Every structure is written in C-alpha cells, then in structure tokens.
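Good morning, everyone, and thank you for making the time.

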Amino acid sequence: MSYRDLAAMQDSAALGLRDRGVRPGERVALVLRDSPHFIGAFLGAAKIGAIPVPLSTLVRPDELDFMLRDCGATLTITDADADLFVDRPAPVVAAPTSADDMCFWQYSSGTTGAPKAVIHLHRRALFPAEGHGRHVARISADDRVYSTAKLFFSYGLNNSLVIPLAAGASVVLDPERFSPDRAWRLIAAERPTVLYSVPTAYAALLAAAEAGTPADIAPLRVCISAGEALPAPLEERWHRRFGLPILDGIGSTEIGYIAISNTTDDVTPGSSGRVIPGYEARVVGPDGADATEGTLWVRGGSTAVGYHDRPQATATAFRDGWVVTGDRYRVENGRYYHLGRDDDMLRVGAQWVSPLEVESVLLSHPSVAECAVIGRADADGLLKVCAYVVLRDATPPSELDDLCAERLARHKRPRWIESVDELPKTATGKIQRFRLREETRA
Ligand code: 3UK
C-alpha cells in the first residue's frame, strides 16, 4: 500500500465519520485488529478534529463496555465497518486544531481499579519519532518495521504508526495474535529491518529458534524491547545466537513512549539504559528528594497531560509536568536499573496483572480459604503469576486452573498454584507479599 493509498483511505474515513455525524472533540472508539483500516480510521478521526480512542481487541465484553461508556464515544469502529472506507472522492481539509487540543486517548489499566483514559495532545503526539525513533531505532524511509505489539497498545501505536509514518518508512501489519512460528515466517517473508517486541515474545522467538524453527534475522538491523524488564541472560542468549543486541527501554502509556533506553553503541544488559534526548528523569526517594534509588519520574516531549475524568489519579501520577511512574529504579553513572514496582502490580508479558483480581477469582472457589498472588521469575527470568492458596479440603489443582482459565485473560492465569498451610501475615492480619516473594527467590 502506498502513502497515496493511505491518504485516500484516511480521507474516506474522515468523510465517513463526518457523514455519521461525528464532530470535532468527540471520541471515536476503534476496536480494530492491526490493518491499514486501523491506521486510516485513526488518522481520519484526527483529521476532522475528533479523538481516536484505540481499545484492546482482547479484553472481556464488560471491560470493553466500561471503556466505551467512560470515553463517551460517539461512534465505535470495528472490523465489520469496511463500508466506512469506501472511496469518497472529495479531498478533506484538516480541522483547524491547535497544538494544545487533545489528539488521542489511550486506556491504561495501570494501578488497581478501573482503566483510565490517558490524554495525549496534538503538540506531543509525534514526539516518539523525534526521541526514540531518531536516537535509538534511527528509523529512515528505507526501513520496514514490524511490531509484535499491536496498534491498540501505546507501544504498538508508536511502533507501527507514529514513528514509521513520520519517517516515510514501511510497516508490516499482522491482524493475528502473535505466535513465535508465525512471527518467524512473517520475518522470512516480509524481511523487516526493525523488530519491536517485548521480552516474553523475544523469549518465545528464541525458544522456537532453539527448537529448530527456521529463524533468519538477516534482514533485521535493530531489535527493540519494552513493556517489562528484559533479563540480561535472555538478551545475551539472543545476542550470541543472532549477533544483534536487543535494545531495552522503559516507557509507559502516560509517558507516551520510551524515555530511557539502551542504544546500539551503548548496551548494558540488565539496564534500561540512559535518558533519551528530549526527556528528563528523576529518581525520587521516600522523602521526596532526588536519590540514587527510588521512584522514577519522567518529563519530556511525549508525556500525556492527565486522565479523563479522574482528578485524583491525575494528581497522583502527573506532577508539574512530571509523570510519576510507580517504578523503582537505581541510577548509576547515568544508567537506569529497574528494581520492581512501588505497588503490588505485576508486569507479565508486558501487560498489567493486578494480584487482587487473580486472588478474587481464586477466592470465589468454595475450597479456597485464603490466597495470595505474587510474581515469580520463570527460567528466562520473566515474571509469571504465582498463587499460594490455603485450601479447606483436598481440591485438585486442575479445578482451580480451569476456574482461572474461564475467568481471567491469558496472561493473568497463574503459572503455579501452590497449596500451603498458612500465609505469612502481620500482627493485624495483613498478608505479607514481600515474605512470599523472598521465599520464592530463596
Ligand atoms: C513497565 C518496564 C521494566 C513499567 C510502554 C513502551 O509498557 C508500556 O506502557 P504501559 O502503560 O506500562 C508501563 C509500565 O510497564 N515497563 C515498561 N517497559 C519496561 N519495566 N523495563 C522496561 N523496559 O512498570 C511501566 O511503568 O502498558 C512501553 C512504549 C510505550 C508504552 N506505553
């Protein structure tokens, strides 16, 4: 598909949305798999001054329903709406938006509680191309990028839309769910020069290659990782096998993209790297002063301005232009090392898992008297969900597995369910997750 074809598709979507009564400032929800239609719909909505809100195609209907109501979408575009994109000959004049108008929203399920819509302004929407795109991935018009993270995530949106389109590069889009064999076939057939992925997917790609799946990375010149910490041994195994490092970097939906990263000339496995030009970072100790170890705050070119309709959560996470990430970091010689989270939230497969959600599913089983959920590293050093349960009777673990499979998204299901006689608690009866974490490490 050429850029001219895409511009025509954008204009068709813009006119189609206008015909359906969408006005500037109104939200247009996108529930679309990765395809040119996603990009056409996103850019078409923005062109008429409406606000595209990409939503996950993988969540439960009740979660989708919540987000649709919360954002007050005038219209939702799904994969069944091909008629929105029929050719409409009239060229469209872009709405007279200003730099401080809202450009798009993106849902984050960040800390506990309901998903929150993160608000991004026009002025900052293209910055990922100036920051990471220019200084880390160094994207040019000659590149062909492929992201295993889908467009509806903020990582995927920038990987497959903002950054490559700003550079005039090409994009490989796959509507299907990631699998390592499929991804290797796609890399062989489409020959991308840039791979954007997440540690869990890099581990799966490496395992498939080690098990004999044909794996030719010859066309690739750079591999980028974000979404969860990339364990040093995994990076080193990949680097040894393929002769190419993986450049880990930390970003968030609130930051807008990756703000701290390794670069081709400066890779330290086990570190998130250095601050990318256009961003500032602070590590803040418990007393609020800058420290070598503490909570990571980030400010810079792509940061969001707050959450829709959530003044309290906005005041906590957005302070004087800084995003308070909730990630614990150590900084040494300008390099940032991820130590974990300030809260109990887990990153599993580069997605959030709330231990409380998993615990409440397990507690709904009549045999489960008590339970506690923590993250435990697998053989690749990647966090997976681990549940400790105190049972009232001899319940087969498969019954609990089945319950979780029924009620939880794939990445939230416990990898391990361990039956214990009691859980470590404080004098006041609060479960001490940190003691469980210490035990699993020992
Ligand atoms: C964690 C990392 C260690 C961290 C994202 C790149 O993941 C993205 O956004 P989310 O809002 O999650 C943000 C949280 O994920 N995290 C992300 N990257 C790393 N932890 N090392 C990393 N390299 O807890 C952070 O607060 O889903 C990633 C670009 C855009 C994004 N939105």
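Before I describe the pocket, let me say how one is found: on a 1 Å grid over the protein atoms alone, a pocket is an open set of points where a 1.4 Å probe fits, with protein on both sides within 12 Å along at least five of seven lines, and its lining residues have an atom within 4 Å of a point. Grid points are joined across faces, edges and corners, and a volume is the space filled by probe spheres set on the points.

This is a predicted model, in which local features need pLDDT of at least 70 and side-chain atom pairs count only at pLDDT 80 or more, while totals for chains, interfaces and linings use all residues. Residues are numbered from 1 along each chain as its sequence is written, and side-chain values use heavy atoms, with hydrogens and water left out.

In the second largest pocket there is about 400 Å³ of space. Its lining has 20 residues, and those closest to the centre are Q10, L43, A46, L126 and L161. Among the elements that each supply at least two lining residues are α1 (3-19), α2 (36-47) and α7 (154-167), where helices are DSSP runs of H or I with at least four residues, strands are runs of E with at least two, and both are numbered from the N terminus. What classes of residue make up this lining? There are 16 nonpolar, 3 polar and 1 charged, with Asp, Glu, Lys and Arg counted as charged, Ala, Val, Leu, Ile, Met, Phe, Trp, Tyr, Cys and Pro as nonpolar, and the others, Gly among them, as polar.

Let us turn to the ligand. Of the 19 residues around it, S154, D248, G249, T253 and D327 come nearest, a residue being near if one of its heavy atoms lies within 4 Å. A nitrogen atom of the ligand lies 2.4 Å from a polar side-chain atom of S154, and for D248 a polar side-chain atom is 2.8 Å from a ligand nitrogen atom. The shell around the ligand receives at least two residues each from α7, β10 (246-251) and β18 (335-341), and β10 gives the most, with 4 residues. By class, this shell has 7 nonpolar, 7 polar and 5 charged residues.

Technical notes: A polar contact is a pair of N or O atoms within 3.5 Å; within protein, one must be able to donate a hydrogen and the other to accept it, and residues adjacent in sequence count only if both atoms are side-chain atoms.
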